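Hello,

Here is the structure I said I would pass on. My notes follow below it.

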Amino acid sequence: MKKDIHPDYHEIEVLMTDGSKFITHSTWGKAGDTMRLDIDPKSHPAWTGVHRLVDSGGQLAKFNKRFSTFGLKHD
C-alpha cells in the first residue's frame with residue numbers, strides 16, 4: 001500500500017436509538033468519537049414493520065402544509 005494516502009482507520013463507539021452501544025472500526029470522525037444514530041435496525045420500519053414518520057427539519061410539516069388543499073374534486 002502507498003503511504004499517506006489512506007484515511008485513518010480507528011475505533012469509534014456507536015450509540016443505537018435504544019441506548020445500547022458497541023465498538024467498531026471506522027474512518028468516520030476521530031479515534032474514540034461516538035456516532036449517535038437517529039435510525040437503526042431497531043427503529044427502522046423495514047426491520048420493525050412499524051411505520052413512523054421522522055420529521056427532519058420540518059420537512060414533513062412543510063410538505064403537509066403545501067399539499068393540504070391538493071385533492072380530488074368530487075361531483
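Two strands count as paired if DSSP finds at least two bridges between them. Helices (H or I, at least four residues) and strands (E, at least two) are DSSP runs, numbered from the N terminus. The model is predicted, so local features need pLDDT of at least 70 and side-chain atom pairs count only at pLDDT 80 or more, while totals for chains, interfaces and linings use all residues. Residues are numbered from 1 along each chain as its sequence is written, and side-chain values use heavy atoms, with hydrogens and water left out.

The chain holds 2 helices and 3 strands, in the order β-β-β-α-α from the N terminus.

The 3 strands make an open sheet, ordered β2-β1-β3, with mixed pairing. At its edges are β2 (21–26) and β3 (34–36), each pairing on one side only. Strand β1 (residues 10–15) runs antiparallel to β2, and the two pair over 6 bridges. Across from glutamate 13 is isoleucine 23 in β2.

Buried residues (under 20% relative accessible area; exposed is over 50%, partly exposed in between; 1.4 Å probe, protein chains only) are 11% of the 75 residues in the chain. Of the contacts (heavy atoms within 4.5 Å) with a separation of 6 or more, 7% join residues 24 or more positions apart.

Phenylalanine 63 lies in helix α2 (residues 59–66). Its relative accessible area is 47%, which means that phenylalanine 63 is partly exposed.

Regards
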